[in-house]
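Please view the sequence and the structure below before reading on.

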Amino acid sequence: MISRVAHGSLALTFALIVVVPVRATPSSLPAEVGYNAGEQETARSAALGGAVRAIGSSVDGLYVNPAGMATTRVYHLMGGVQIWPQARRQTYGGAAVDSVVNRQRIAGGIAANWTTQDQDALDRGSFDFRFGMAVPLSDKLFAGATFKYLSLTEGGAPANVGLQPSLASGGLSGNPIVSQITFDAGLTARLTDQVWLGAVGTNLTDPGNRFLPLTFGGGLGYGTDQFSLELDAVSDFSTYDQTRWKMMGGGELLLADSFPVRAGYRYDEGLGSHSISGGLGYVAPEFALEGGVRGVVVGQRSLTVVIALRYHLDSGGGFAVGSEDQ
């Protein structure tokens, strides 16, 4: 059974890669829209507007708040695709998170993602590699860190600024303009059996560029086996000429013990945008198939679509409905 599920998951992932167009007309959106501050998203985080800093575990933890990896007992493999049609961005990647192999409950995770953005104008490509670890400091406090490597190339110029791709207007064709290592660090606290508080800082070496922005954020979440709700706030110190804020909120409901239904909202001060999001999934003991969509309703219109397949090598109980711990 496990072998058939794994082979089916791989086949669907390859099918998604084949059917998505590789090249298109140049994007008219600012490059910051598609780059999304360098964030990598799961289907769940996209559907919840990014509000997973308090009750995000497994791969959500690895990508957003590494402390969350230690809050559940799981061994998950995930493959996914992120598509931004208007921004002409595509991201393909995979991740693995394991918190069951040792008695000390030390959790570890690894992820790799390849991105192309606006190939007919900006011509940006990047490789994002992450390795994270998390530990329970007590039964109510968890800490984690994720070490990240980013290699990014850029050979053109955004079409919206009126420049054509050239040696003068573009980046360094064939050579990385960013090749750096940095890290994120976070804490998660269990205030009660249902209430969780998370805090995380990203790119804490302060690389001094907008591709690896220094941020600090936190979230407060409420979660049971059937329902969860969370509110997050993030300050971005590097992407713009002054500090900008993002506010996020999301909730999910588990139907028939297998079908998570999700919705969220996100305000981005830097882009002046308001977004709504939603998602559906099917979660079984052996695997999960999930999708999330976020669309800007006020501001420069853009859409984000994330589809993910998750394979459960082993899993234990969790604290939040539909999170990566099923």
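Which strands each supply at least two residues of the lining of the second largest cavity? They are β1 (74-84), β2 (89-98) and β14 (303-315), where a strand is a DSSP run of E of at least two residues and a helix one of H or I of at least four, numbered from the N terminus. The model is predicted, so that local features need pLDDT of at least 70 and side-chain atom pairs pLDDT 80 or more, while totals for chains, interfaces and linings use all residues. Residues are numbered from 1 along each chain as its sequence is written, and side-chain values use heavy atoms, with hydrogens and water left out.

**Cavities**
- The structure holds four cavities of 30 Å³ or more, a cavity being a set of points on a 1 Å grid over the protein atoms alone where a 1.4 Å probe fits but cannot get out, with lining residues having an atom within 4 Å of a point.
- A volume is the space filled by probe spheres set on the points, which are joined across faces, edges and corners.

**Largest cavity**
- The largest cavity has a volume of about 490 Å³ and is lined by 40 residues, of which Ala37, Gly38, Glu39, Gln40 and Arg130 lie nearest its centre.
- The largest share of this lining, five residues, comes from β4.

**Second largest cavity**
- The second largest cavity has a volume of about 70 Å³, and among its 13 lining residues Glu41, Met78, Gly80, Gln82 and Asn113 are the closest to its centre.
- β1 provides the largest share of the lining of the second largest cavity, four residues.

Note on methods: On a 1 Å grid over the protein atoms alone, a cavity is a set of points where a 1.4 Å probe fits but cannot get out, and a pocket is an open set with protein on both sides within 12 Å along at least five of seven lines; lining residues have an atom within 4 Å of a point.
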